[in-house]
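Please examine the sequence and the structure shown below.

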Amino acid sequence: QAKMDGRGRYAFFTPNMDEDVRQRETINRELRVALADCDSQLRLHYQPVYLLATGRVVAVEALLRWEHPENGLVTPDAFIRTAEETGHIEVLGNWVLRKAMNDARAWPDLRISVNVSPIQVRSRLFVTTVRRILQETDIAPSRLEIELTETALMSASLEVTEALHSLRELGVTCALDDFGTGYSSLSHIRDIAVDRIKIDRSFVNAVDTVPGAALVEAIVSLASANGLHLTAEGVETRAQLDFLRRVGCHEVQGYFMAQPLAAEAVTELLQGQRGSGWLHVLPATDAA
Ligand code: C2E
Ligand code: MG
Ligand code: MG
Ligand code: MG
């Protein structure tokens, strides 16, 4: 069997592609088992987000992990797409929302970011489900922020746009994730009513080059001028942190500050954070 690939050449199914299909079938089958009892195999880790102005943790992002009985901890990139293709994403996504809102009760002052798939948001029941989960867990809607990737948002159907508007009426905010990896213009972003932009880590990674730095600086000033909140993702070095502070980015997230943590570790981190926050414990730098 052969078909044309994107560049107009013939692509043949190779043993590798067979392997790929088999692997997805395996993931699909095992995911179905995991979803029958989510609490036994699924975990949420939470990565702290720091407000640069105070140096304190103001939010956490929930990141899904699958504790596979044989393969150990599996990251979402390995199974979200399969879950979307098979429709499992709805059960999965609802579990994530409920679990995150339940855990959030231990951290009264934090915003909780939850990644959602456009397929999940498109469901007729999505807004109702979010509202019900917030009521059941007694979490103020303003503490929940949902994250959709730029690519997902740009190709969003009317259902997705409408769901986002309903959520906003409820008080839930929305962030545009992985900004810079899609092809949206900031003027388009104004139309789809997001509250926050998360600058993709590939851009943060490049701030030590002249064009990279200029690009991030431009994103920061355009977003600020449009009243959008800004979080930089994937901050891994002190130099990146200092740069982001200097150009006026609002919030930072990344391995340099903190890895994704189990819920109990977040509670401990917050307890140790009395007084000034972690970022302010860092000595002032003269590099800036
Ligand atoms: P994302 O939402 O952009 O999440 C940030 C990813 O970057 C996470 O990967 C995080 O662990 C990683 N990261 C954080 N700081 C650093 C850093 O300093 N350096 C580097 N190299 N990486 C960093 P993770 O947890 O593997 O998640 C991958 C993606 O899977 C997420 O990207 C998100 O799009 C998706 N995802 C995660 N959880 C869920 C979920 O519950 N539902 C859905 N639909 N998607 C999810
Ligand atoms: Mg995200
Ligand atoms: Mg991201
Ligand atoms: Mg991502």
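Asp 177 bridges the magnesium ion (ligand 2) and the magnesium ion (ligand 3), and the two ions lie 4.1 Å apart. The structure is a predicted model, in which local features need pLDDT of at least 70 and side-chain atom pairs count only at pLDDT 80 or more, whereas totals for chains, interfaces and linings use all residues. Residues are numbered from 1 along each chain as its sequence is written, chains are lettered from A and ligands numbered from 1 in the order in which they are written, and side-chain values use heavy atoms, with hydrogens and water left out.

Donors here are N, O and S atoms within 2.8 Å of the metal (3.2 Å for Na, K and Ca); water is not among the atoms, so sites may look incomplete. Asn 115 belongs to strand β6 (residues 111-115) and Glu 147 to strand β7, so the pair ties together parts that are 32 residues apart in sequence. Helices (H or I, at least four residues) and strands (E, at least two) are DSSP runs, numbered from the N terminus. Glu 147 is buried at 2% relative accessibility, while Asn 115 is partly exposed at 29%. In these terms, buried means under 20% relative accessible area, exposed over 50%, and partly exposed in between (1.4 Å probe, protein chains only).

Asp 178 in strand β8 (residues 173-179) and Glu 233 in the loop between β10 (229-232) and α12 (238-247) link distant parts of the chain, 55 residues apart. Asp 178 is partly exposed, with a relative accessible area of 24%, and Glu 233 is buried, at 11%.

Which residues come nearest to ligand 1? Of the 24 residues around ligand 1, they are Arg 65, Asn 115, Asp 177, Glu 236 and Tyr 255; a residue is near a molecule if one of its heavy atoms lies within 4 Å of it. β4 (56-68) and β8 each supply at least two residues of this shell, and β4 gives the largest share, four residues. Oxygen atoms of ligand 1 lie 2.7 Å from a side-chain N or O atom of Asp 177, 2.9 Å from a polar side-chain atom of Glu 61 and 3.0 Å from a side-chain N or O atom of Asp 178. The protein covers 86% of the 800 Å² of accessible area that ligand 1 has on its own, areas being computed by the Shrake-Rupley method with a 1.4 Å probe.

Most residues other than glycine have a negative phi. Asp 178, in strand β8, has a positive phi near 55°. Asp 138 is not a glycine either, and its phi is positive, at about 60°. Asp 138 is found in the loop between α6 (126-137) and β7 (144-149) and counts as exposed at 68% relative accessibility.

Methods: Polar contact = N/O pair within 3.5 Å; in protein donor to acceptor, adjacent residues only side chain to side chain.
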